[in-house]
Amino acid sequence: MALDKPYKDIPGTTVFDAEQSRKGYHLNQFCMSLMKAENRARFKADERAYLDAWPMTEEQKQAVLARDLNRCIALGGNIYFLAKIGATDGKSFLQMAGSMTGMTEDEYRAMMLAGGRPIEGNRRVGEMK
Amino acid sequence: MSARITASVYTSHVPAIGAAIDHGRTAEAYWRPLFAGYEASKAWLAAQRPDVVFLVYNDHASAFSLELIPTFAIGCAAGFAPADEGWGARPVPAVEGHPEFAAHLAQSLIQDDFDLTIVNRMDVDHGLTVPLSLLCGQPAAWPFRVIPFAVNVVQYPPPSGRRCLQLGRALRRAVASYDEPLDVQVWGTGGMSHQLQGPRAGLINREFDNAFLDRLIADPDGLAQMPHVDYLREAGSEGIELVMWLIARGAMADAPPRVVHRFYHVPASNTAVGHLILENT
């Protein structure tokens, strides 16, 4: 019997469950390696070469190179792991989260200051504004 | 005289709050209202002088990668260093543990059917150090010993709210059976509503958060029945960290607690900040 995943209808949200974790194992472990300063330096010096040392899919590598966090998440990435890439780039969590929303950095910051994204219209797919 | 739990503290643990403290930006207009909400708490804690804080938090891919994902992990080491999360380690004191007490709690909880992972070496990230900074400021050494208790909320599913509440109750029994007159606080951290990923990032749900605080105080058993999907949908994918608050709540006595302090603020970076102090009466 298939697992019950009642969270699949939450709009704009990918829950990092066992299935995503399995898909993203090497992508996330690559991110983890960026916790060490010397690895951050090696990655910055030649991103492609650094990524090629990991058994990631080409799609995952392209998503990292493009800093496309939504794509990284679709391919099994988890935000707490992906945040290590952002940290390596000198980005804040605010900048990283904002980059996934289609808003500019200023628009996203302003939305947060005004109280954040409202829940109304954002509970289920089909009602998203 | 045995050890006893005197109070529980609940707070969000946003990394940007740590950065604001570390970089001396707490007086900026953006941050001032947030830190003002913790002033009374700092004075309260300084007067309480607990011996040990059992600090429930989650690791954010710092100590635990995907190689090992313990649902409940108790830190039994003599000390824990602040983790380098990619920005460099926070300039905060190392955390002094309490190996004898932690070993007692681990054995007691496991015998009480909670299958904990025992951790004898672990760095602690913002999930643990930001609450300490919020409540203690910037001392040269933390004023009490800390037993880190890490809960998996990164890979779904985290433990259920019900399981967390029950664990808190088992912790209450485990503390009471320790033959040393320690004043113990249990802290539950993380939350409140926030989502850090995808097109729905930035979600904040004030109504949910405030109802959560109300029910945490008055109806923990009812609150513990809330299914995971409600947290994910209503409080955002990262809002599910709130299940950890139920461990601290379960550790409190059955009699209604005294609400010492309650605070709510939006935003800190991407997150709604909630904070509560409950004392046993």
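## Model and confidence

Residues are numbered from 1 along each chain as its sequence is written, and chains are lettered from A and ligands numbered from 1 in the order in which they are written. As the model is predicted, local features need pLDDT of at least 70, side-chain atom pairs count only at pLDDT 80 or more, and totals for chains, interfaces and linings use all residues.

The predictor gives the complex an ipTM of 0.95 and a pTM of 0.97. Chain B has a mean pLDDT of 97, where pLDDT is the predictor's confidence in each residue, from 0 to 100. In chain B, 100% of the residues reach 70 or more.

## Chain A: helices and domains

Chain A has nine helices and zero strands. Its pattern along the sequence is α-α-α-α-α-α-α-α-α. Helices (H or I, at least four residues) and strands (E, at least two) are DSSP runs, numbered from the N terminus. The C-alpha trace of chain A spans about 45 × 45 × 20 Å along its principal axes. Of the 129 residues in chain A, 38% are buried. A residue is buried if 20 or more other C-beta atoms lie within 10 Å of its own, exposed if 12 or fewer, and partly exposed in between, with C-beta atoms placed from the backbone. Among contacts in chain A with a separation of 6 or more, 58% join residues 24 or more positions apart. Two residues are in contact if their C-beta atoms, placed from the backbone, lie within 7 Å.

Four residues from domain 1 of chain A and four residues from domain 2 of chain A make the contact. On the domain 1 side, α6 (69-74) and α7 (79-88) of chain A give two or more residues. That side has two nonpolar, two polar and no charged residues. Here Ala, Val, Leu, Ile, Met, Phe, Trp, Tyr, Cys and Pro count as nonpolar, Asp, Glu, Lys and Arg as charged, and the others, Gly among them, as polar.

## Chain B: the sheet

Chain B holds an open sheet of eight strands with mixed pairing, in the order β6-β3-β7-β2-β8-β1-β10-β9. Two strands pair if DSSP finds at least two bridges between them. The edges are β6 (117-119) and β9 (258-268) of chain B, each of which pairs on one side only. Neighbouring strands are turned by 20° against each other on average, direction ignored. Axes are lines fitted to C-alpha atoms, for helices over the stretch in contact, and angles run from 0 to 180 degrees between N-to-C directions.

Helix α4 (residues 99-111) of chain B packs on the sheet. Helix α4 touches β2 (52-57), β3 (72-75), β6 and β7 (145-151) of chain B, and its direction makes about 150° with that of β3(B). Helix α5 (residues 126-136) of chain B lies across β1, β2, β7 and β8 of chain B, at about 130° to β2(B).

Six of the six residues of β2(B) are buried, so the strand is largely enclosed by the rest of the structure. In a regular strand the side chains alternate between the two faces of the sheet. V52(B), F54(B) and V56(B) point one way from β2(B), while V53(B), L55(B) and Y57(B) point the other way.

β2(B) pairs in the parallel sense with β7(B) over six bridges. Y57(B) has A150(B) as its bridge partner in β7(B). β2(B) also pairs in the parallel sense with β8(B), over five bridges. There, V53(B) stands opposite Q185(B).

Strand β1 (residues 4-11) and strand β8 (residues 183-189) of chain B pair in the parallel sense over seven bridges. S8(B) has V186(B) as its bridge partner in β8(B).

β9(B) and strand β10 (residues 271-279) of chain B run antiparallel, joined by eight bridges. A268(B) stands opposite T271(B) in β10(B). These strands, β9(B) and β10(B), form a hairpin with two residues between them. In the turn, S269(B) has a positive phi of about 60°.

## Contact between the chains

The contact takes 46 residues from chain A and 33 residues from chain B. On the chain A side, α1 (18-23), α2 (25-33), α6, α7, α8 (93-98) and α9 (105-113) each supply at least two residues. α7(A) gives the most, with seven residues. The chain A side divides into 26 nonpolar, 16 polar and four charged residues.
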